[in-house]
Amino acid sequence: SALLLAKRAELLLKQQRPCAAIHDCSAALEINPDCGKAYSIRGVAQRKLGQWQSAHRDLLQGQRLDYNESLAEVQKLVEQKVRKLERKRADMASAAAPRKRGRRT
């Protein structure tokens, strides 16, 4: 069942095996796309791998489906990291854009 796979993923995450945990959570979500626990665990595993945007998306969905107070701080941290990365990308894009120079006549 989806819940069994999510619980196994939680154990894999405790064993420092985030890739295996992501795999089990994805399988759980194929069985039951409304399994909040699977989204939450997959989000935490993605955070450990530095996959910030995927982690943010999954943690947000997990909290929507099954709110967990203990994950609220993790979600805030990931959200801050995603915002920081987005600002950095925007700054890099604006710096790389060619600047137009006005003509003097």
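## Basis of the description

Contact here means that heavy atoms lie within 4.5 Å, and helices are DSSP runs (H or I, at least four residues) numbered from the N terminus. The model is predicted, so that local features need pLDDT of at least 70 and side-chain atom pairs count only at pLDDT 80 or more, while totals for chains, interfaces and linings use all residues. Residues are numbered from 1 along each chain as its sequence is written, and side-chain values use heavy atoms, with hydrogens and water left out.

## The pairing of α3 and α4

In the contact between these two helices, G36, Y39, S40, R42, G43, V44, Q46 and R47 of α3 meet W52, S54, A55, D58, L59, Q61, G62, Q63 and L65 of α4. The residues of this contact divide into six nonpolar, eight polar and three charged, where Ala, Val, Leu, Ile, Met, Phe, Trp, Tyr, Cys and Pro count as nonpolar, Asp, Glu, Lys and Arg as charged, and the others, Gly among them, as polar.

The axes of α3 and α4, as lines fitted to C-alpha atoms over the stretch in contact, come within 7 Å and cross at roughly 155°, with angles running from 0 to 180 degrees between N-to-C directions. That makes α3 roughly antiparallel to α4, a term that applies to angles over 145 degrees.

S40, in helix α3, is buried (under 20% relative accessible area, with a 1.4 Å probe and protein chains only), its own value being 6%. Leaving out residues up to four places away in sequence, S40 touches D58, L59, G62, Q63 and L71.

Q63, which lies in helix α4, is likewise buried, with a relative accessible area of 8%. Residues up to four places away in sequence again set aside, Q63 touches S40, N68, L71, A72 and Q75. L65, also found in α4, is partly exposed at 35%, that class covering the range from the buried limit of 20% to the exposed limit of 50%. Beyond its neighbours within four places in sequence, L65 is in contact with P33, D34, C35, G36 and Y39.

## Helix α5

Helix α5 covers residues 69-96, 28 residues in all, and reaches 41 Å from its first C-alpha to its last, close to the 40 Å expected at 1.5 Å a residue, a span taken as 1.5 Å times one less than the number of residues. Its buried residues are L71, A72, V74, Q75, V78 and V82, and the buried residues of α5 pack against both α3 (36-48) and α4 (52-65).

Terms used:
Parallel < 35°, antiparallel > 145°, perpendicular 65-115°, else oblique.
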